[in-house]
Amino acid sequence: MSATAARDVSAALTKARSLIGILPRLVRHRGEIAVVEPGGTVGLDEESRAAFAGDIALLRHVGLRPVVVHGDGLRPGRESARPDPPYTARTDRNAASAPETADTVRMVFAGRVQHGLVGLINRHGPLAVGITGEDADTFTTAGQWTLGGGGPVDTGGPGGIVRVNPGLVRSLVADGRIPVISAVARGAGRSHPLDPGLAAAALAAALGAGTLTVLTGTEVPYRPRPAGNGTAGRLTARELEALLPELDGGLLPAMTGCLHAVRHGVGSARVVDGRVRHAVLTELLCDEGTGTVIVPDGAAPTP
């Protein structure tokens, strides 16, 4: 055998071993609903968006049932249909009180952002279907969200989730589709933007999802998993709750949403640095994940 042929065989064997290595996780998670919130990080460049879309399509093809909940961060930069007032979902969550801002919310979330992501996923097959949280009253709001009590809380102003109706999403998943849901809620006759991490957590709980994965643009808290369970961080719900006062910025709603999810029936939640390409696949299908896993109190060592 020539040296070139030997190298080719060696490369093929390496790929085969990698595939065999993920088999236990595929068997463990096959058929589970996996809710993913991509955050603003996949908007860094076109290749990052395409890589994320490919990850989601691959999860579907290997037997998981992915559901994507997104905000306005899937594209580089911010823009508004109207110059006044500007709209930024992650910093102005109590916007959408004026009709013109509600129109902007619909345009940004359900327009270019969702259309682009659905198109990228569907390069890998006719899988993705775009909806908004307003469709079939998937998300309803009648209060301002607050980061308290381990999840979204109704405090009586605009902007927060008070009810989740997962029926439409369940139907799409049962039909083999990948729902791509804009984090927008119906309330008081208008569209209201939601924090996508909290929206993803609320939907994951309502669906009884196996996993929730939230991508961020920052490093995540690191605590070693028990020996033999990979190198990523691992926190129980109680440990995460104690850590919350130390967090700020975009990481706080992500972690708060994960805490809400695992305390309301989701098997495990993950916060992953979305700047790492293919982080979703690495975290869900490989033992050596790159993020922090949150599990219910008393869960077995391997989530």
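Student: Where does H278 lie?
Tutor: You'll find H278 in the loop between β11 and α8 (279–285). Helices and strands here are DSSP runs numbered from the N terminus (helices: H or I, at least four residues; strands: E, at least two). Bear in mind that this is a predicted model, where local features need pLDDT of at least 70, side-chain atom pairs count only at pLDDT 80 or more, and totals for chains, interfaces and linings use all residues. Residues are numbered from 1 along each chain as its sequence is written, and side-chain values use heavy atoms, with hydrogens and water left out.

Student: Why is H278 called partly exposed?
Tutor: Buried means under 20% relative accessible area and exposed means over 50%, with partly exposed in between (1.4 Å probe, protein chains only). H278 has 39%, so it goes in the middle class.

Student: What is the phi of H278?
Tutor: It's positive, about 65°, although H278 isn't a glycine. Most residues other than glycine have a negative phi. A136 also has a positive phi, near 55°. A136 lies in the loop between β3 and β4 (139–143) and is partly exposed, with a relative accessible area of 46%.

Student: What makes D273 buried?
Tutor: The relative accessible area of D273 is 12%, so it falls under the 20% cut-off. D273 lies in strand β11 (residues 268–273).

Student: How do you know that the side chains of D273 and R275 make a polar contact?
Tutor: A polar contact is a pair of N or O atoms within 3.5 Å; within protein, one must be able to donate a hydrogen and the other to accept it, and residues adjacent in sequence count only if both atoms are side-chain atoms. The D273 and R275 side chains come to 2.8 Å, so the pair qualifies.

Student: What is the order of the strands in the open sheet of eight?
Tutor: The order is β3-β6-β2-β1-β9-β11-β12-β10, with mixed pairing.

Student: Why are β3 and β10 called edge strands?
Tutor: Two strands pair if DSSP finds at least two bridges between them. β3 (128–132) and β10 (233–236) each pair on one side only, so they are the edges.

Student: Why is helix α7 described as largely enclosed?
Tutor: Eleven of its twelve residues are buried, so the rest of the structure largely encloses α7. Its cover includes α5 (196–207), β9 (211–216), α6 (237–243), β11 and β12 (292–295). Helix α7 (residues 251–262) reaches 17 Å from its first C-alpha to its last, close to the expected 16 Å (1.5 Å times one less than its number of residues).

Student: What makes a group of residues a nonpolar core?
Tutor: They must be buried Ala, Val, Leu, Ile, Met, Phe, Trp, Tyr or Cys residues joined through side-chain atoms within 4.5 Å. The largest such core has 43 residues, and V35, V67, L212 and I294 have the most contacts inside it. Apart from it lies another core, of 22 residues, among them V68 and L117.

Student: Which residues does I294 contact, leaving aside neighbours within four places in sequence?
Tutor: Contact means heavy atoms within 4.5 Å, and the partners of I294 include L235, M255, C258 and V271.
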